[in-house]
Structure formats: C-alpha cells, structure tokens
Amino acid sequence: MPIIDTHAHIDQLTDCGGALKRADAAGVSDIVAVSVDLASMQKTADLAKTRSRPRIHPAFGVHPLRAVGPIGPEAGMIKAQESLEAQAFMRAHLSHAVAVGETGLDYWYQQARKDEAERNRQKASFLVHLDMANEFDLPLIIHSRGAWGDCLAMTRAARVRRALFHWYSGPLDILDGILEAGYYVSTGPSVAYSPPSREAMAHAPLERILVETDSPVRYNGPQPFDAEPRDVLRAWAALSRLKNKDEAIVLDMVNANAKMFFKI
Ligand SMILES: [Zn+2]
C-alpha cells in the first residue's frame, strides 16, 4: 500500500535521483517537498516539475533559521534584498504549491534564546508566511522547536485554518492547544525511541497525525542513520507500535490525513 512522506528536503539530498528511486520501490507514492530559502525554493520547484515518481508536491517558504530581515549595516542590506526576492518567488509560485513552508520559529539555540532581535526577525518572517497562507488558502508547515507556544499563539491570532506542527516534540499542554484549534502534528522515525516524540504522539489522536522523514536529517537513535524519504516507513511502523494498532489501519489513517490536509 502506498505511503506519503509529508516532509522532506529533497533539494538537500546528496543522491536525490537514487533516493527517489528507492522511495518509489519502497512504496512511497507522494512526497511533500519543503524548502528553506530562495535557492532551495527554486531547486524544489524544478525537481517538482521534472520528477514524477514519487509524485513531488512542493511547499515554498523560508525556514526560521534562514529568516533574514533589514538588520545591521551592509550584510543586513544584502539579506533584506534576498528576503524580498524570496517573498516575490513565493507570491509567483504558491498557486502551484500544496503548502507554505517550512516556516515558523526556532528558539532552540542559545542565540535566539538570548537575543530578542533574532526572535523578532523570525517573528517578522513568520508573519509574512501566515499572511500568505491566508491569501493563497494554503496550509502552513510549521517548525516550532523551542518556540511551541509562540508558534501556536501567532498561528491562532492570524486565524490560519490549516496548520501542521511538524516533528512535534513539545509540551503536552501546547499540544492540547494545537488540537483544540483543529491543527495537526507530524512525526518522523524518532517516534521509535525519542521520549518527547513518543509522549506527544501517544497523546495526539491518530486522526491528527501525519508521518514524515525531514530527510536528509540524521537520526541519532539506538541505530543511527541518515534519513531519506523511504524511511517514512520506519515512522509508520514505530507509530503503529506506539499506538498498539494494526499497521494497515494506521497507514489508512495517516494517508487519509495527509490527503485531506494537503488536498492531494
Ligand atoms: Zn524540515
């Protein structure tokens, strides 16, 4: 039975052609291909046009750790220019995308925790994405690491209708807020071993969970590996075990969730 990887950075795969072939052979029918900056959006758009198996559904956005704004003297001006070009690209291409993303906030690193200007820069970029999701009637793919509460508050305040908190591993009370707002969460293969991932996915109902890989990220579990889209099967198997449900039932559910969420 086919399965959908709802979050992969295929433009960053070292052997994209090989990885897509292996994904196809493993039964991956569709990949939601997220992007992180202007160059990544351009590459992702090209790949979506030229590759047909698995089906590639692009999402366009700027990652919070790539979010740039009009700050500082010279470097800031160059970055501000790129930020405007990224927005122009999104405006021109979002009608062919299935989502806005990946976007959001990341307070995981010391710099953002200490530096209010950095947090404000990320928030300004996230606001642009929230507005575009509404304007183009698209769902949002949100990176919320260490910034779960602010991400939820801003998404709700913007009255975005469809939002996915990708690779959710945050607190359960914020997860309750996400679910109450009608939003979704996703998990990758870390649901096999990571306590925060497992707690969150045990708490969320299957009706609101999507599976993904975030490839080509490295998973540092008991048996570390570099993920590619076919590894979405690991996420599915581990989620089935965690939920103590038949794998076929879980697959039906996560596929239905992904199709409804992304309208694919
Ligand atoms: Zn990602």
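Guide: A crossing is right-handed if the near helix is turned clockwise from the far one by less than a right angle, and left-handed if anticlockwise. The model is predicted, so local features need pLDDT of at least 70 and side-chain atom pairs pLDDT 80 or more, while totals for chains, interfaces and linings use all residues. Residues are numbered from 1 along each chain as its sequence is written, and side-chain values use heavy atoms, without hydrogens and water.

Visitor: At what angle do α7 and α8 pack?

Guide: Two packed helices are described by the angle between their axes and the distance between the axes. Here α7 and helix α8 (residues 195–203) pack at about 40°, and their axes are 10 Å apart. That makes α7 oblique to α8 (under 35 degrees is roughly parallel, over 145 roughly antiparallel, 65 to 115 roughly perpendicular, the rest oblique). The axes are lines fitted to C-alpha atoms, for helices over the stretch in contact, with angles from 0 to 180 degrees between N-to-C directions.

Visitor: How do the axes of α6 and α7 cross?

Guide: Helix α6 (residues 148–157) and helix α7 (residues 172–180) have axes that come within 10 Å and cross at roughly 20°. That makes α6 roughly parallel to α7. The crossing of α6 and α7 is left-handed.

Visitor: Which residues coordinate the zinc ion?

Guide: Donors are N, O and S atoms within 2.8 Å of the metal (3.2 Å for Na, K and Ca); water is not among the atoms, so sites may look incomplete. For this zinc ion they come from H7 (NE2), H9 (NE2), E102 (OE) and D214 (OD), at 2.0 to 2.2 Å. Along the sequence, the spacing of these donor residues is H-x1-H-x92-E-x111-D. H7 and H9 are both buried (under 20% relative accessible area; exposed is over 50%, partly exposed in between, with a 1.4 Å probe and protein chains only).

Visitor: Why is the arrangement around the zinc ion irregular?

Guide: Ideal angles at a metal are 109.5 degrees for four tetrahedral donors. Around this zinc ion the four donor atoms subtend angles of 85 to 170°, and therefore the arrangement is irregular.

Visitor: Are C151 and S52 buried or exposed?

Guide: C151 is buried because its relative accessible area is 0%. C16 also counts as buried, at 12% relative accessibility. S52, by contrast, is exposed, with a relative accessible area of 57%. S52 lies in the loop between α2 (38–50) and β3 (55–60). The C-alpha atoms of S52 and D5 are separated by 15 Å, and the two residues are 47 residues apart along the chain.

Definitions and conventions:
Four donors count as tetrahedral if all angles lie between 85 and 135 degrees; four count as square planar and six as octahedral if opposite donors are over 155 degrees apart and all others between 65 and 115; anything else is irregular. Helices (H or I, at least four residues) and strands (E, at least two) are DSSP runs, numbered from the N terminus.
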